[in-house]
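Please keep the 3D view open while you read.

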Amino acid sequence: MKSVLILQLLVALAWGYPSLKNTGICEPTKCKIEEDCRCSSTNNPINNRDDPAPQFVALTVSESLVKTLHYHYLAPLFFNRKNPDGSPVGASFYVNHEYTDYELVQDLYLRGFEIGVHSITKNSSQEYWRHATYKDLVEEFAGQRQIISRFANIPVEEIVGVRTPQLQFEGDLSIDAYVESGLTYDNSWPTRSTQPLLPYTLDYVSNQECTVSITCPKRPHEHFWVAPITNIKGKDNVECNSLATCLIEGTPQEIASWLIGQVDHVRNRNRAPLVLRLDSYWFEFTHNSFEGFTLFLDEMANRDDVFFVSVRDVLDWIKHPVSAKNYKTPIRDRYAECLPINCALKFLDGSIRYMQSCIKCPEQYPWKGNPMGEITK
Ligand SMILES: *[C@@H]1O[C@H](CO)[C@@H](O)[C@H](O)[C@H]1NC(C)=O
């Protein structure tokens, strides 16, 4: 008994386990990808120098989808861009409710982009997310999943991913709420650039580092996936994962070179997928960011092993891993109808909110606790 404990302690020290309570160590022989299980690890399933894994870059946006974002940034950056296999590039949009234009959400969906959940309120208070109850979280995530599906008129099963606002996820409580909401993966948990983890499931407790600002899951959650957000290095080599908070400034070429360097850093190592957070305020407030980012995308198009895909595509790849040479960007058959209508709706405080919808207007502005916007007594 004693020796088992000592062994566990040694393993815990060697692997940097967050707590001795988590003794169910993941073993690849027991946790197999064919059974929808993968241990948290920096091992790439494709590890062949001559025929390497694709280097994925998953660009992610978690904010309201509005016309300026769509027409000023997304359209010129992504809509006519191709991956090395000739298919259109992908990206993931974790959408929150307020101000979102659901006609644009459907447009992105039909163009092949991934639509995921951010929350209904995107409450700016960190405390709110840290102390949210299970009920709050289910209302935020399941509610937003329903809102997107209904008002953008897209199938609810197509919405599987989630990012918690400000990356404040609450460990087991959040994951239970995600599962209850019909979501199958999380994209809220950053990992250090020195620990470039590939996506994994929570069948066993993960060895991803728990920073002070988040609560980490301590219980197993079968077949629930985590797509870690790998940090990159920004100004003064500080770790960051949102391009805006990396604080790099300079000419367009300098900004592009910085981004290319970050991709090459992982590309020359284990080729863990790089998840980058893109914000419209980076384009608005950082001089040359749009030009620099465009240059970066243009330069990347010259590499035949770098693919811009959605987080969901990354998860599909890890379930069926192939080398860069054999990789085909998934093209999903998508169909949806939209009869665009601009709804003027009453909000809780009596003010009027406008919401662009693909179906007839609800009675009032959809919100937490009333995602369908029905008349309440
Ligand atoms: C955000 O959370 C705080 C409590 O932390 C609450 O008072 C406030 O009403 C919330 N705001 C929104 C927009 O939901």
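Predicted model: local features only at pLDDT ≥ 70, side-chain atom pairs only at ≥ 80, totals over all residues.

1. Let's begin at the ligand. Around the ligand you will find Thr 121, Asn 123, Ser 125 and Tyr 128. The protein covers 40% of the 370 Å² of accessible area that the ligand has on its own. By type, the shell is made up of one nonpolar residue, three polar ones and no charged ones. Look in particular at Asn 123, where a polar side-chain atom lies 2.3 Å from an oxygen atom of the ligand.

2. Next, turn to helix H3, which spans residues 102-110. Its buried residues are Tyr 102, Leu 104, Val 105, Gln 106, Leu 108 and Tyr 109. What do these buried residues of H3 pack against? Their partners are helix H2 (67-78), strand S2 (92-96), strand S3 (114-119), helix H5 (134-151) and strand S15 (352-357).

3. Both ends of H3 deserve a look. At the start of H3, Asp 101 has a side-chain oxygen that comes within 2.9 Å of the backbone nitrogen of Glu 103. Just after H3, Gly 112 adopts a positive phi of about 100 degrees.

4. How many salt bridges does the structure hold? The count is 19. One of them joins the side chains of Lys 325 and Asp 51, at 3.7 Å from N to O. Lys 325 sits in the loop between helix H10 (311-319) and strand S14 (341-346), and Asp 51 in the loop between helix H1 (2-15) and strand S1 (55-61), so this pair ties together parts 274 residues apart in sequence. Lys 325 is exposed, at a relative accessible area of 63%.

5. Another salt bridge pairs Glu 139 with Lys 368, with their closest N and O atoms 3.5 Å apart. Glu 139 belongs to helix H5 and Lys 368 to the segment after S15, and the pair links distant parts of the chain, 229 residues apart. Glu 139 counts as partly exposed at 22% relative accessibility, and Lys 368 counts as partly exposed at 24%.

6. Arg 334 and Glu 158 also meet through their side chains in a salt bridge (3.6 Å, N to O). Arg 334 is in the loop between H10 and S14, while Glu 158 is in the loop between H5 and strand S4 (161-162), so the pair ties together parts 176 residues apart in sequence. Is Arg 334 buried or exposed? With 16% relative accessibility, Arg 334 counts as buried.

How values were computed:
Residues numbered from 1 in each chain as written. Heavy atoms only, no water. Near = heavy atom within 4 Å. Polar contact = N/O pair within 3.5 Å; in protein donor to acceptor, adjacent residues only side chain to side chain. Areas by Shrake-Rupley, 256 points an atom, 1.4 Å probe, with all protein chains shown as cover. Nonpolar A, V, L, I, M, F, W, Y, C, P; charged D, E, K, R; others polar. Buried < 20%, exposed > 50% of the residue type's maximum accessible area, 1.4 Å probe, protein only. Helix = DSSP H or I, 4+ residues; strand = E, 2+ residues; numbered from the N terminus. Contact = heavy atoms within 4.5 Å. Salt bridge = Lys/Arg side-chain N within 4 Å of Asp/Glu carboxyl O.
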